[in-house]
Structure formats: C-alpha cells, structure tokens
Amino acid sequence: MLCLKNILIAALFCCGCGYVIAEENKSNNEIFFALSKKIIQRTVENAKIQPHTKVSCKILNTNRNTYLRQSIVETLRETPLEVFFGDSLADVSASFNVSTLSINYSKGFSEHFFSGRKTERTISVAIQAEYVERQSNRLVWAETAQETFTDTVDVTSIDELEKSSKGIADTRYGQYSFFDKILEPFVITVASAVAIYLFFTIRS
C-alpha cells in the first residue's frame, strides 16, 4: 500500500513539474523579424534583379513599416544588390509597405489534467513589394508576399510575449475564462506542492 502511494505521489510530482517548467517561446518581435526577412529575400529572388544592380529603396512612413524597417534594410543589404536610400542614380527603385502584422491565439486547451493551459499562436506578416526600372519606368516585379508561423504557448505567458509587439500588431484572442488564466494554474500549483510535501513526508 505504501509503495502504491509513493508511485501515485511521484506521478503527481512529475506532472506538476511538467506544468511548472514551461517551454521558452520566441517573442512576437523575434518572429515578426524572421518572417519579414524571409519575405524580402523571396521578393528579391522573384524580381530576378542582376547582382550588383543599384537599387534605391523606399519604405513608407507608417507605424508598421517603422517597426520592421531595420529588418527590411538589413535583409536587403545581405543580398547581392547595391542598396541605397534616396539615390537618384539607381537603376531600379524598390518600395515596401507592411500591409499585415497579425497574431491569433486559439481557445485554450490542456494536453492532460496536470498540464498548463495552452493556446496555438499564429503570427502572419504580409509586405507589398514593387520593383521599377528607373530609366524606362517599367515594372519589373510587384507582389504582396506573406509568411506565417504557428506554435503552441502557455496561456499565462501571453502578456509577456505581447510586450514586444503591443500596439503594433492586430491581435485576436481565444476565449479565456477565469479558470483558464487564474484558477486552473492555482489548483495545479497547489496540487504539485501537496504532492511534493507528501512525497518527502512519507519517505521520511
């Protein structure tokens, strides 16, 4: 009987630890930057502009564009193009506009009773890109390119993840009840503490 109790308590302890030790997720900011980098790289490839071509870039002055400006500029400068800003002698002019920055959190779910409440996070970025030959004013390439990233995060970590993108992205939340965000984590934490206490009390 004592052995069975030890097994049950040890199981509770392990489940509780699985809840307390949460997986570390990338911030929204990190993911937005990574997605924008993939988009810019793809538009340069699709435009088929020859290496070392002088390209004058324009990024519209909006909150979203300002937010991703550094990522866009750094990515362009990693390409084989000669990138300038406001250079009238460039061969090609390129303009970029961030049309979508969105985050969607699904309704919370639990993988098992002692796991923390989780949600599926979907992050999307869309950028309008246009490349025009300066001398002839010929449109070389234009597209609205989009990239999406999906992962699973703890419901309790949403506020922390949102800090880096607050007020910038369009965010939709699943329906989270008082039980999802406060009561369930409290119950699981207490159950884990009790399991740890009983485990060491019985062993002693």
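Reader: Why is K37 called partly exposed?
Author: K37 has a relative accessibility of 32%. Buried means under 20% and exposed means over 50%, so K37, at 32%, counts as partly exposed. Please keep in mind throughout that this is a predicted model.

Reader: What makes the meeting of K37 and E78 a salt bridge?
Author: The side chains of K37 and E78 come together with N and O 3.4 Å apart. The cut-off is a Lys or Arg side-chain nitrogen within 4 Å of a carboxyl oxygen of Asp or Glu, so the 3.4 Å between K37 and E78 qualifies. This pair links distant parts of the chain: K37 belongs to helix α2, E78 sits in the loop between α3 and β2, and 41 residues separate them. As for E78, its relative accessible area of 53% is over the 50% limit, so E78 is exposed.

Reader: How do you know that E133 and R138 form a salt bridge, and how exposed are the two residues?
Author: Their side chains meet at 3.5 Å, N to O, and the limit is 4 Å. E133 has a relative accessible area of 28% and R138 one of 44%. Both values lie between 20% and 50%, so both residues are partly exposed.

Reader: Why are K163 and E160 both called exposed?
Author: K163 has a relative accessible area of 60% and E160 is at 52%. Each value is over 50%, so each residue counts as exposed. K163 and E160 also form a salt bridge, with the closest N and O atoms 3.1 Å apart. The structure holds eight salt bridges.

Reader: Which residues of α2 are buried, and what do they pack against?
Author: The buried residues of α2 include I31, F32, L35, I39 and V44. The buried residues of this helix pack against α3, β3, β4, β5 and α4. As background, residues three or four places apart in an α-helix point the same way, because there are 3.6 residues a turn.

Reader: Which residues touch the most other members of the largest nonpolar core?
Author: They are F32, I72, F96 and Y131, in a core of 35 residues. At least two core residues come from each of α2, β1, α3, β3, β4, β5 and α4. Beyond its neighbours within four places in sequence, Y131 is in contact with residues including T43, V44, F96, L139 and W141. In soluble globular proteins, nonpolar side chains tend to be buried together.

Reader: What makes β1 and β2 paired strands?
Author: Pairing needs at least two bridges, and three join β1 to β2, so these strands pair; they run parallel. Here S56 stands opposite F84 in β2. From β1 the chain crosses through α3 to β2, and this β-α-β crossover is right-handed.

Reader: How do you know that β1 also pairs with β3?
Author: Five bridges join β1 to β3, and at least two are needed, so β1 and β3 pair as well. They run parallel, and the bridge partner of S56 in β3 is S93.

Conventions. Residues are numbered from 1 along each chain as its sequence is written. This is a predicted model: local features need pLDDT of at least 70, side-chain atom pairs count only at pLDDT 80 or more; totals for chains, interfaces and linings use all residues. Side-chain values use heavy atoms; hydrogens and water are left out. A nonpolar core is a set of buried Ala, Val, Leu, Ile, Met, Phe, Trp, Tyr and Cys residues joined through side-chain atoms within 4.5 Å. Buried means under 20% relative accessible area, exposed over 50%, partly exposed in between (1.4 Å probe, protein chains only). Helices (H or I, at least four residues) and strands (E, at least two) are DSSP runs, numbered from the N terminus. Contact means heavy atoms within 4.5 Å. A crossover is right-handed if, with the strands pointing away from the viewer, the path from the first strand over the helix to the second runs clockwise.
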